[in-house]
Amino acid sequence: MNNHNLFAALRAAFPQDLDAVAVETDQGLLYSWRDLDRATAMLANLLDSLALPAGSRIAVQVEKSVEAMMLYLATLRAGHVFLPLNTAYQSAEIEYFIGNAEPAVVVCSPKSFGWVSKIAFKAGTRHVFTLGEDRSGSLLERAAHFGDQHQPALRAADDLAAILYTSGTTGRSKGAMLTHGNMLSNALTLKGYWGWRTPEEGGDVLIHALPIFHVHGLFVAIHGALINGSKMIWLARFDPKQVLQHMPRATVFMGVPTLYVRLLAEPGLTREVVKNMRLFVAGSAPLLLETFNEWRERTGHAIVERYGMSETVMLASNPYRPDPRHGNQDERRGGTVGFPLPGVSLRVVGEDGRPLPAGEIGGIEVKGPNVFKGYWRMPEKTAEEFTADGFFKTGDVGRVDEHGYVCIVGRSKDLIISGGYNVYPAEIEGYINEMPGVAESALVGVPHPDFGEVGVAVVIPKAGTGLEPERVIAELKSRLANFKIPKRCFVVEELPRNTMGKVQKNLLREQYKALFA
Ligand code: MLC
Ligand code: AMP
């Protein structure tokens, strides 16, 4: 059997010169390709020594570090399933993910070991390791005792490589199951579509400034660099000044729109600084046309906006170079997410599920080798989200114009995307509604100059109770990841409703749209 292990494909793309620098960090540390190979082997040998059943979940909530990336690669190498968790998640959130995924191994920051291990052991996890951003912790201590050679586990293309938790309109988060085949096909497609240059072709250098617990930073950025043998300049967190300091030595940058907005606020963003840059990619949230235009004016570069999801990795992208499938059009159009990627079928359907002609607005559905296998242990939910002919319903609303460009105009799912992070109103409302003195609540997204969109909570108190907006916010802060906290809270008498009694969130959005203007 051919080995479809994604790690094997990434490893095969390492440059011939294994002593060349693969990763350079903001701390000045240099990791060679040989270092990546050896350290991932040691970590994979450690995982093998635990004699876990095939396909065990390895849940990881650690600060960004090169070692954290190596742990991801080692999980693939050993044939297990990586489950990355946002470092902002607090105990109730972690308890749900660990309870639902039943990981065999949990890796957390040394400072969180007390509470995370308690949750993990209670859920039946046998192994809890720690990994600090400074290479501290039990994981690397244990791995140091293992050999630095490791044969990647045999995996079929359809075997699971990762589970990414994402949420729907109601209820708790769902784990999107991505396979080795999903991710390899997507990485190879993007390699071609974005014109990545191997070291033999002059090489690329990627500035990696995104978190590594979501699709954008973990898959699009890391797979892109590795499958191409390209060096990464690795920043532990996004700092616009630091990005600009490294930019003259880089060729590729990826970011959510907030990163571009913050870079534009830097006087240091000049044509001189970007002179070696080849490609700027944006996605995860809508890039405002004014950001796209301002970027082009300041730098001379048209950002390549692309569209993806946890369930599908990347779906569509503006062209990097002429696209022969679309009459060699090469224009990167602001306000659109470009063309469906090669191999991806994308259609826009009406309420009755029938495909709509070009120009008409409807639900976006997709099919392709990149589309996930389903939601973890939720066969009914999975079945609901696919059509009879195998298309996945994205929950995004858009149209395809007469030139083939896909334009996202809204979302049918009740979701707020704030600074590239997803916030599910139903989850936050659930927490607010449980608070004493609260009768009902609604969370809506409103425009924000930095985060694109932020949550605003509108709360109805129970009759005869005094309810302070500050208390609602403070209570949420003690329980939820910080990016989910509404930026404002209003206590009001009633919520606007339609004749069916359903809260009209569109009216609330309209009412509060200028709050942060
Ligand atoms: C931070 N804060 C946010 C926030 N990030 N509020 C709303 N939305 C966000 N995204 C708040 C914190 O709660 C805190 O508030 C204050 O801002 C400062 O926190 P911080 O941690 O210092 O913020 P900062 O480092 O500036 O982070 C901003 C950011 C970050 C934009 C760099 O959010 C980020 O890295 N976003 C990228 C997310 C990402 O990678 N998404 C990809 C998803 S994949 P307070 O009140 O506590 O002070 C996907 C699929 C696809 O969607 O297509 O790619
Ligand atoms: P996630 O579930 O975190 O993977 O988020 C996926 C969602 O992000 C998609 O369904 C879209 O709603 C949104 N998204 C991703 N890229 C873009 C983009 N370029 N423009 C608008 N929305 C986007």
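Me: Which hand is the crossing of α2 and α3, left-handed or right-handed?
Reply: This is a predicted model, where local features need pLDDT of at least 70, side-chain atom pairs count only at pLDDT 80 or more, and totals for chains, interfaces and linings use all residues. Residues are numbered from 1 along each chain as its sequence is written, chains are lettered from A and ligands numbered from 1 in the order written, and side-chain values use heavy atoms, without hydrogens or water. A crossing is right-handed if the near helix is turned clockwise from the far one by less than a right angle, and left-handed if anticlockwise. On that test, the crossing of α2 and α3 is right-handed.

Me: Why do α2 and α3 count as oblique?
Reply: Helix α2 covers residues 33–49 and helix α3 residues 66–77; helices are DSSP runs (H or I, at least four residues). Their axes, lines fitted to C-alpha atoms over the stretch in contact with angles of 0 to 180 degrees between N-to-C directions, come within 8 Å. Under 35 degrees is roughly parallel, over 145 roughly antiparallel, 65 to 115 roughly perpendicular and the rest oblique. So α2 and α3 are oblique, since they cross at roughly 60 degrees.

Me: How many charged residues does the contact of α2 with α3 have?
Reply: Contact means heavy atoms within 4.5 Å, and α2 residues including L36, L43 and L47 meet α3 residues including M69, L73 and R77. Asp, Glu, Lys and Arg count as charged; Ala, Val, Leu, Ile, Met, Phe, Trp, Tyr, Cys and Pro as nonpolar; the others, Gly among them, as polar. Besides 12 nonpolar and 2 polar residues, the charged ones come to 3.

Me: At what angle do α10 and α11 cross?
Reply: Here we have residues 257–264 against residues 289–299, with axes that come within 10 Å. This crossing is left-handed, and Y260, V261, L263 and L264 meet T291, E294, W295 and R298. The pair is oblique, with an angle of roughly 45 degrees.

Me: Which residue puts a side-chain N or O atom 2.5 Å from an oxygen atom of ligand 2?
Reply: There are 18 residues around ligand 2, counting those with a heavy atom within 4 Å. The 2.5 Å pair involves D396.

Me: How far is a polar backbone atom of G420 from a nitrogen atom of ligand 1?
Reply: Ligand 1 has 23 residues around it, the closest being R262, S284, R306, S418 and K487. For G420, the distance is 3.0 Å.

Methods:
Helix = DSSP H or I, 4+ residues; strand = E, 2+ residues; numbered from the N terminus. Polar contact = N/O pair within 3.5 Å; in protein donor to acceptor, adjacent residues only side chain to side chain.
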